[in-house]
Amino acid sequence: MFHRQARAACAGAVAVGALVLASLQGTAAAHPTAADPAVDTAAATLAVDAAQPELLRAMERDLGLTRTQAERRLVNEAEAGAAAAVLRQKLGGSFAGAWVSGAESGTLTVATSRTSDRAAIRAAGAEAEAVPHTLGELDRAKGALDRAAGRHGSTAVPVWYVDVRANTVVVRAADTAAAEALITASGADRDRIRVEATAEQPRPLYDIRGGDAYYMGSGGRCSVGFAVTRGTQQGFATAGHCGRAGTSTSGYNRVSQGSFQASTFPGRDTAWVLTNSQWTATPYVKGAGGANVQVTGSVQQPVGASVCRSGSTTGWHCGTIQQHNTSVTYPEGTITGVTRTSVCAEPGDSGGSYISGSQAQGVTSGGSGDCRTGGTTYHQPINPLLQGYGLTLRTTTDPGPGDPPDEPGGTWAAGTVYAAGAQVTYGGATYRCIQGHQAQSGWEPPNVPALWQRL
């Protein structure tokens with residue numbers, strides 16, 4: 001019953017969120033294929049109609065939505081992410097970021113430093129905003145701060161990030177003098193940076209299915225991120241601060257589970273655990289009441305999109321993506337490239353799953369506040385973690401990875417993590433990736449114009 005209702009809601013919401021269809025259908029029409037027309041929408045590609053009732057109920061509770069609004073929001077966010085990706089490719093160096101807004105994420109805004117781009121943005125169904133700085137300029141300014149933090153970092157300056165909505169790099173500091181010292185040491189253009197006062201004190205959230213508890217060595221508890229495979233091996237992705245390579249783990253039931261194979265912290269906050277034969281990787285995250293929420297992919301969602309988190313201390317909570325490309329200084333050091341969200345978390349939730357619809361987003365790193373009064377949390381994006389350790393996200397219930405299907409020739413390969421802008425060949429044609437993701441069977445470039453653009 002739910003799946004049928006969700007499909008009906010999706011059909012209606014695509015009409016509301018038609019901002020992506022002009023660009024995607026134009027691409028498909030230029031290069032027709034025999035693929036099922038249903039895969040021509042981003043919502044179909046990202047399996048939005050597979051959203052579980054538990055996820056929708058959490059969105060209703062935490063974001064103040066009705067069930068219909070929650071369903072439409074997921075569709076609009078999928079379509080907006082694809083539309084923003086197409087426009088980013090089209091605008092090139094003048095692109096200055098994109099975000100969604102509204103209770104149903106029904107408005108996509110794309111910023112540009114070139115006023116002549118506004119007509120193309122509006123033609124794609126998005127709102128256009130002219131700004132002074134490109135996203136590339138802001139990213140470079142933040143990169144300079146990241147490098148300076150290695151020499152001059154301080155917990156008095158706990159967070160900095162690129163805020164595309166404000167077209168600036170925001171430095172949040174308990175001590176403005178320390179913030180100014182970091183900016184001066186970085187050599188970044190001061191006109192691109194804004195300092196904000198904060199009392200935030202992020203810390204790592206210390207103390208197989210995403211969100212389940214696991215225990216490290218002789219003590220300490222974290223949460224499973226996402227089930228993964230590496231060849232015939234099975235395990236899970238989690239946070240690096242939870243354990244070092246060689247640290248043994250036991251599961252939520254205190255049964256021997258496995259050990260950390262690799263771990264990075266600080267700098268990044270990534271790790272993966274190899275489990276023993278008693279544990280089987282599943283494509284699920286633990287939702288409200290222990291229900292399974294299926295993971296079907298790893299397409300990163302835009303700023304403003306809804307996102308939910310599963311952890312072994314506080315369970316299932318939702319919020320929104322505030323900023324990508326954030327840096328956070330914990331007492332142990334600085335980590336870069338995390339995503340800032342409005343989802344609450346508490347000690348023991350570290351390593352747990354962030355998911356938007358059915359798309360894996362990342363593993364919980366740390367944050368401030370709690371789930372009684374609210375807070376801010378940060379997650380390590382999943383795609384760089386998968387790529388760094390050569391892991392494959394589990395998205396099916398098959399007992400093993402199996403052999404890849406025969407392909408019609410080309411460089412595209414299932415299991416590879418592709419960043420936006422990457423180019424591959426498939427079936428004699430060349431394609432450009434427009435949304436970062438880990439490729440999987442069924443997501444071959446001709447089938448998913450929301451992810452690949454034929455050149």
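Me: In which helix is the place of E180?
Reply: The model is a predicted one. In this model, the place of E180 is in helix 8.

Me: Is E180 buried, partly exposed or exposed?
Reply: The relative accessible area of E180 is 31%. Buried requires under 20% and exposed over 50%, with partly exposed in between. E180 is therefore partly exposed.

Me: Which residues is E180 in contact with, leaving aside its neighbours within four places in sequence?
Reply: Contact requires heavy atoms within 4.5 Å. With the neighbours within four places in sequence left aside, the contacts of E180 are R190 and V195.

Me: What distance separates the C-alpha atoms of E180 and V157?
Reply: Along the chain, E180 and V157 are 23 residues apart.

Me: Are helix 7 and helix 8 roughly parallel or roughly perpendicular to each other?
Reply: Helix 7 (residues 135–152) and helix 8 (residues 176–186) pack with their axes 8 Å apart, at an angle of about 110°. Angles of 65 to 115 degrees count as roughly perpendicular. The two helices, helix 7 and helix 8, are therefore roughly perpendicular.

Me: How many residues of the contact of helix 7 with helix 8 are nonpolar?
Reply: Helix 7 contributes A144, L145, A148, A149, R151 and H152 to the contact, and helix 8 contributes L182, I183, A185 and S186. Of the residues in this contact, 1 is charged and 2 are polar, while the number of nonpolar ones is 7.

Me: What is the phi of A47, which is not a glycine?
Reply: Most residues other than glycine have a negative phi. Although A47 is not a glycine, its phi is positive, at about 55°.

Me: Is N167 buried or exposed?
Reply: N167 is found in the loop between strand 4 (159–163) and strand 5 (168–173), and has a positive phi of about 55° although not a glycine. Its relative accessibility is 7%, and the cut-off for buried is under 20%. N167 therefore counts as buried.

Me: Which residues does a cis peptide bond join?
Reply: Most peptide bonds are trans. Here, in the loop between strand 13 (256–264) and strand 14 (270–275), lies P266. With omega at about -5°, a cis peptide bond joins F265 and P266.

Me: Which residues is S356 in contact with, leaving aside its neighbours within four places in sequence?
Reply: S356 lies in strand 20 (residues 353–356), and at 4% relative accessibility S356 counts as buried. With neighbours within four places in sequence left aside, S356 is in contact with E77, Q301, S306 and Q361.

Terms used. Residues are numbered from 1 along each chain as its sequence is written. This is a predicted model: local features need pLDDT of at least 70, side-chain atom pairs count only at pLDDT 80 or more; totals for chains, interfaces and linings use all residues. Side-chain values use heavy atoms; hydrogens and water are left out. Axes are lines fitted to C-alpha atoms, for helices over the stretch in contact, and angles run from 0 to 180 degrees between N-to-C directions. Helices (H or I, at least four residues) and strands (E, at least two) are DSSP runs, numbered from the N terminus. Angles under 35 degrees count as roughly parallel, over 145 as roughly antiparallel, 65 to 115 as roughly perpendicular and the rest as oblique. Ala, Val, Leu, Ile, Met, Phe, Trp, Tyr, Cys and Pro count as nonpolar, Asp, Glu, Lys and Arg as charged, and the others, Gly among them, as polar. Buried means under 20% relative accessible area, exposed over 50%, partly exposed in between (1.4 Å probe, protein chains only).
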